[in-house]
Amino acid sequence: MNSHADAPERSWKIDPLWIVAGVITGAYLLFLLGMIASAATYSSPTELWRALLAREIQYAFGLSLCTCTLSALISLLIAVPVGYLLSRGRFAGKAWLDAALDVPIVLPPMVVGLCLLILFQTAFGRMIERWIPFTYSVAGVVLAQCVIGAAFAVRTMRGTFDHLSARPEEVAMTLGCTRATAVWRVTLPAARRGMFAAATIAWARSLGEFGPVLVFAGATRLKTEVLPTTVWLELSVGNLEAAIAVSLLMVGLAVLVLTGVRVAGERL
Amino acid sequence: MIRLENVAWQAGAFGFSDLSFTVPGGCYGVLTGRTGEGKTTLLELICGLRRPLSGRIWVGDREVTGLPPGARGLGYVPQDGALFPTLNVREQIGFALSIRKSPPDGIKRRVEELAAALGVTHLLDRRPDRLSGGERQRVALGRALAASPRVLLLDEPLSALDDDTREQLLGLLQCIHRETAVTVLHVTHHRMEAQRLAGLMLNLEGGRIREGLVGGGGPASEKL
């Protein structure tokens with residue numbers, strides 16, 4: 001008689017669910033890499049490098065870096081108090097406010113740009129433009145990037161505050177802090193990773209922002225041209241090499257930022 | 001002294017009304033009651049972290065009903081200690097004094113004195129994530145006691161500890177109470193803990209407080 005006959009069958013088999021999930025993940029990743037690799041191998045590196053040396057593209061690169069950094073910082077300044085209010089505040093209409101703050105995420109990008117354009121045609125908008133001209137200007141690029149970037153940063157900061165217990169902050173208040181001092185001395189230092197992530201997300205979103213920038217700030221070369229605008233401008237005149245070169249530059253920047261965030265995030 | 005007079009509080013279906021009791025100055029009060037009766041809420045009302053619908057609250061000889069938490073002169077130790085995640089033990093214990101802008105020398109002296117009394121001197125440079133449960137509670141106690149509060153509020157400070165650590169901290173709490181004139185209100189549902197510590201037993205049930213005097217932690221007169 002076989003002594004193993006009655007033993008329960010060992011189930012070392014991989015669950016079919018993992019196989020299906022693994023295959024789908026692999027196919028998706030291959031597709032993404034294939035997209036980038038095909039763009040990268042379309043032209044020779046010399047051609048791509050030459051395209052990047054063009055004055056307009058260098059200006060767009062510099063402007064993209066500056067505007068993205070500025071809009072990430074502004075987005076963070078907005079996201080910290082708004083995220084805190086959404087996370088810690090208890091008030092009527094909170095669900096509505098929460099939904100309203102997602103509007104820039106769900107609206108088509110072109111519509112965001114159009115709304116900005118129309119806002120600055122109103123009496124209120126014209127009054128602001130007497131101090132800082134936004135329409136078809138660099139300030140407009142930053143504002144268009146901020147509208148979207150801040151919405152994502154707010155989500156991240158809200159999640160960060162949700163994960164931080166309110167107790168230490170409350171204890172700080174019993175020890176003599178006002179709520180503002182307690183937030184400054186206890187909560188914000190604990191939220192530093194989240195703040196870093198929020199700024200990074202805002203930065204990355206701003207780098208790829210095209211629709212609102214195009215509609216609100218225009219696509220004037222050597223003025224309001226950022227990297228996504230360059231891709232569009234070069235494509236529209238049939239200069240595929242330059243469009244690809246700039247696209248690869250943006251992929252490189254994105255990879256650099258993602259790696260930097262991982263490394264810095266672990267050290268924070 | 002801690003005194004509540006006709007205090008009412010409500011959140012949805014949960015709440016209490018007309019709640020009154022007094023813990024005399026220097027007394028060790030222990031508040032017991034089933035889970036969900038509102039013991040933590042009661043401590044938060046005394047702290048000023050929640051606002052009562054009506055009624056009055058005294059801490060020491062001062063009415064504090066309308067005062068912000070930081071002006072009530074009390075120390076609060078929540079259930080898990082709730083240490084500040086980014087500060088080391090030295091900074092945690094010195095926190096209340098640094099907020100009051102005490103001179104650095106005075107803060108240093110007080111931190112060292114409390115750290116020695118609580119047995120955490122060797123931990124002063126550690127952050128909370130490198131402390132054991134018992135160590136965290138000792139630090140939380142030190143942080144609450146640093147500014148010499150008149151009242152100490154403890155919310156199940158020993159609930160998550162093993163028997164040996166619990167025993168050590170019970171002794172420490174008795175020692176603190178013996179050597180300071182601090183009035184304590186200690187929330188627990190551990191019967192042995194309550195019997196060992198209580199000078200006054202309070203039981204919260206169905207929105208009502210039942211009082212009973214016990215031996216042990218009666219009013220203390222010495223001051224550290």
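How much area do chain B and chain A bury between them, and what percentage of it is on carbon and sulfur atoms? The views below start there, and please keep in mind that this is a predicted model.

**View 1. The area buried between chain B and chain A.** The two chains bury about 1700 Å² between them, with 67% of that area on carbon and sulfur atoms. Within chain B, the residues that lose the most area to chain A are Thr86(B), Phe95(B) and Ile99(B), which together account for 27% of what that side buries. Chain B brings 22 residues to the contact, and chain A brings 16 residues.

**View 2. Polar and charged pairs between the chains.** Here you can look for the one salt bridge counted between chain B and chain A. Its partners are Arg167(A) and Glu44(B), whose closest N and O atoms are 2.5 Å apart. Four residue pairs are in polar contact between chain B and chain A, with both residues at pLDDT 80 or more.

**View 3. What chain B shows to chain A.** Four elements of chain B give two or more residues to the side that touches chain A: helix 1 (39-47), strand 6 (74-77), helix 2 (89-99) and helix 4 (133-145). Helix 2 of chain B supplies the largest share, four residues. By residue type, the side of chain B that touches chain A has 14 nonpolar, four polar and four charged residues.

**View 4. A nonpolar surface patch on chain A.** Val103(A), Ile105(A), Val106(A), Leu107(A) and Val111(A) make a nonpolar surface patch of about 360 Å². Helix 5 (residues 103-106) of chain A gives the most to this patch, with three residues. If you are tracing the chain, Leu107(A) sits in the loop between helix 5 and helix 6 (109-119) of chain A.

**View 5. A salt bridge inside chain A.** Over all chains, the salt bridge count comes to 21. This view shows the salt bridge of Arg158(A) with Asp98(A), where the closest N and O atoms are 3.1 Å apart. Arg158(A) belongs to helix 8 (residues 138-163) of chain A and Asp98(A) to helix 4 (residues 94-100) of chain A, so the pair ties together parts that are 60 residues apart in sequence.

Conventions:
Residues are numbered from 1 along each chain as its sequence is written. Chains are lettered from A and ligands numbered from 1 in the order in which they are written. This is a predicted model: local features need pLDDT of at least 70, side-chain atom pairs count only at pLDDT 80 or more; totals for chains, interfaces and linings use all residues. Side-chain values use heavy atoms; hydrogens and water are left out. Contact means heavy atoms within 4.5 Å. Buried area is the accessible area (1.4 Å probe) that two parts lose on being put together, summed over both. A salt bridge is a side-chain nitrogen of Lys or Arg within 4 Å of a carboxyl oxygen of Asp or Glu. A polar contact is a pair of N or O atoms within 3.5 Å; within protein, one must be able to donate a hydrogen and the other to accept it, and residues adjacent in sequence count only if both atoms are side-chain atoms. Ala, Val, Leu, Ile, Met, Phe, Trp, Tyr, Cys and Pro count as nonpolar, Asp, Glu, Lys and Arg as charged, and the others, Gly among them, as polar. Patches are made of residues with over 30% relative accessible area and no salt bridge: like charges are joined within 9 Å, nonpolar side chains (Val, Leu, Ile, Met, Phe, Trp, Tyr) within 5 Å. Accessible areas come from the Shrake-Rupley method with a 1.4 Å probe; for residues, only the protein chains shown count as cover.
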